[in-house]
Amino acid sequence: MASAVQISSERSKILLKNYQDATSAKRRQSLLFLSVIVLVVIISCIIAEVRPALFWKNAGNFTDYFGRLMFLDNGQSVLSDPAEWFWGLKKWSIRLFETLLMAYVGTLLGAFGAFLLCFAASKNITRSFWVVAMTRRFLEFSRTVPEIVFALIFVVAFGLGPVAGVLAILIHTMGALGKLFAEVVENIDMKPVEGVSASGGGWLARVRFGALPQIWSNFVSYGLLRFEINVRGAAVMGFVGAGGIGQTLLESIRKFYYSDVSAIILMIIISVMLIDAITERVRHRLIGEESR
Amino acid sequence: MNKTRQRFGNIDTVREKYAGALSVDWVSRSRTIGLVLAAFALLVFGLIHLEFSPARMIDGVGQLGLIAYLMLPPNPETWAKVMSYAISMGETLAIAILGTLLAVVIAFPLSFLAARNVITNRILQLLSRRFFDSIRGVDTLIWALIWINVVGLGPFAGVLAIMTSDIGAFGKLFSEAAEAADRRPVEGIKSTGGSHIQSVRFGLIPQILPVIASQVLYYIESNTRSATIIGIVGAGGIGMHLSEQIRMLEWQQTSFIILMILVTVAIIDFVSTRIRFSIIGPTAR
């Protein structure tokens, strides 16, 4: 390939040197970065007991296990007999419905709690520094402790069953949404609020006609997003005895009912996707309504 | 009130003048009320169906108060226990880091399949997106249980669980980053005679690497949280101790472990936020 522009060898040498100078610093930096990562990985491997030899020896287990998920007890593919695959459809549907209901109740009550607390956590509504700080620390605590840990504790206090799961979701949702709601409230335009008070409106009128029209669509949108997350969360509450489909799934995984595992997981995936799709449409409509 | 009346005249004329603004749209209002009522009805049905009862709530809250009282002050009793918790915490961190990095290694090439501007095959793109979606639909804890069946109890199952659920998330995020990238560097390389692969390597990847690095750090941060709980089902880390202590009703130990988790998460948050800022600058949080 002949180059179109002739460059003298003298100049090309200078060019090449400049280029190498420019890249070598960057290259050294990347190398350093890479070696730090490798070091961290090696230390992590030792701590996490990763044994490559054992891994390769058992590598066949992976495909074997996931393959078996796709076969019924009688050795036939699950696709050959969907009725047999989903033999527990009715039982599982009831459990799945319970799971969705847990997510719904937990999200709604949690959002309500967050709604009550978010005004106390926003600097432009609440003047007292201590009230704001305390509310924020409380919300932070509620969302930093994983919900399954709350569920473990609530199972002891409230007994086995969905009540503990709902309460765990509620606390976590309140913490997560409280923060987001407070951020929305802090970013509102204060002019409508001032307008309402200038025309003689009281505190309730200010919140109802000045603040609420600015924030409600954001609140609902965040709430729906949280509902999606909570459906996934509710599906595993059963692992610690806090109700929902997790209990059934745990049993079938522990007892090696392969086709049941795949059937239940498929049901969870489909319902999560459906809910994602529905809430996304509702959220888009809300956003459209706001910008209109 | 009188002043307003003087300025605007009779209230009835005002009503007539601004009929649109002052009249109530009963259709939309009744729809809103109906929606709220339906949501409330479902809530009440849910509370009944899920066996909430006032007696149970009062009893439970009492129990919870007692537990909170017993938790204070957090007390690990012996140094040996502190050490064993600290080792488990290190294991948790190792699980989070390894799981996330493994997921990056696997998701990085796969994510290109889902990016519109890298692979033009629509079917491949749709399939890989559905693949990522379904992986994301399953919680980390479920993956942990499944991997325990494959590789046995222990932290390695945890690493694989974090890895699996992160492949779904990274696949989506990386492909979105690739699609949002500036087209001009890619076109520039093509115009100087570069092949498609070269245009991806020198035009696209340098643009998305910082985005990816910051997302990976963020996920290490959030996976530290996930890794603290996968021990509950037996996949290594501090969660094992936590569920054990709760089941044995050792509340002071429990609160000590929770405190330890909160402090560790806060430290990791702090460190990773600092690094993220230095990678992509303070504007992109």
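Mentor: Before we start, "buried" means under 20% relative accessible area, "exposed" means over 50%, and "partly exposed" is in between (1.4 Å probe, protein chains only). What we're looking at is a predicted model, where local features need pLDDT of at least 70, side-chain atom pairs count only at pLDDT 80 or more, and totals for chains, interfaces and linings use all residues. Residues are numbered from 1 along each chain as its sequence is written, chains are lettered from A and ligands numbered from 1 in the order in which they are written, and side-chain values use heavy atoms, with hydrogens and water left out.

Trainee: Okay, is Ala211(A) buried or exposed?

Mentor: First find Ala211(A) in helix 10 of chain A, residues 203-237. Helices (H or I, at least four residues) and strands (E, at least two) are DSSP runs, numbered from the N terminus. The relative accessible area of Ala211(A) is 5%, so this residue counts as buried.

Trainee: Which residues is Ala211(A) in contact with, beyond its neighbours within four places in sequence?

Mentor: Contact here means heavy atoms within 4.5 Å. Once those sequence neighbours are set aside, the partners of Ala211(A) are Ile188(A), Val193(A) and Arg206(A).

Trainee: What distance separates the C-alpha atoms of Ala211(A) and Glu251(A)?

Mentor: Along the chain, Ala211(A) and Glu251(A) are 40 residues apart.

Trainee: Which residues touch the most other members of the largest nonpolar core?

Mentor: A nonpolar core is a set of buried Ala, Val, Leu, Ile, Met, Phe, Trp, Tyr and Cys residues joined through side-chain atoms within 4.5 Å. The largest one here has 126 residues, and those touching the most other members are Phe239(A), Leu249(A), Ile268(A) and Ile142(B).

Trainee: And which helix gives the most to this core?

Mentor: Look over at chain B for this one. With 14 residues, the top contributor is chain B's helix 6.

Trainee: Which chain B residues does Ile268(A) touch?

Mentor: Skip residues up to four places away in sequence. In chain A, Ile268(A) touches Leu96(A), Ala235(A), Ile245(A) and Leu249(A). Over in chain B, Ile268(A) touches Gly137(B) and Ile142(B).

Trainee: How many residues are in the second, separate core?

Mentor: You've already met one of its members, Ala211(A). Val184(A), Val193(A) and Phe219(A) are included too, and the size of this core is 16 residues.

Trainee: What accessible area does the nonpolar patch with Val38(A) have?

Mentor: Patches take residues with over 30% relative accessible area and no salt bridge, joining like charges within 9 Å and nonpolar side chains (Val, Leu, Ile, Met, Phe, Trp, Tyr) within 5 Å. Accessible areas come from the Shrake-Rupley method with a 1.4 Å probe, and for residues only the protein chains shown count as cover. Val38(A) lies in helix 1 of chain A, residues 9-47, and is partly exposed at 44%. Together with Leu34(A), Leu39(A), Ile42(A), Ile43(A), Ile46(A) and Ile47(A), Val38(A) makes a surface patch of about 660 Å².

Trainee: How many salt bridges are there over all chains?

Mentor: A salt bridge is a side-chain nitrogen of Lys or Arg within 4 Å of a carboxyl oxygen of Asp or Glu. Counted that way, the number over all chains is 14.

Trainee: How many residues apart in sequence are the parts tied together by Arg136(A) and Glu186(A)?

Mentor: The closest N and O atoms of this salt bridge are 2.8 Å apart. Arg136(A) is in helix 6 (residues 129-144) and Glu186(A) in helix 8 (residues 162-186) of chain A, so the pair links parts whose separation in sequence is 50 residues.

Trainee: What is the closest N and O distance between Arg136(B) and Asp133(B)?

Mentor: Both residues lie in helix 7 of chain B (residues 122-137), three residues apart, about one turn of the helix. Arg136(B) is partly exposed at 21%, and Asp133(B) is partly exposed at 24%. Their closest N and O atoms are separated by 2.2 Å.

Trainee: Last one: how many disulfides does the structure hold?

Mentor: A disulfide is a pair of cysteine sulfur atoms within 2.5 Å. There are cysteines to look at, including Cys118(A), buried at 0%, and Cys45(A), partly exposed at 24%. Over all chains, though, the disulfide count is zero.
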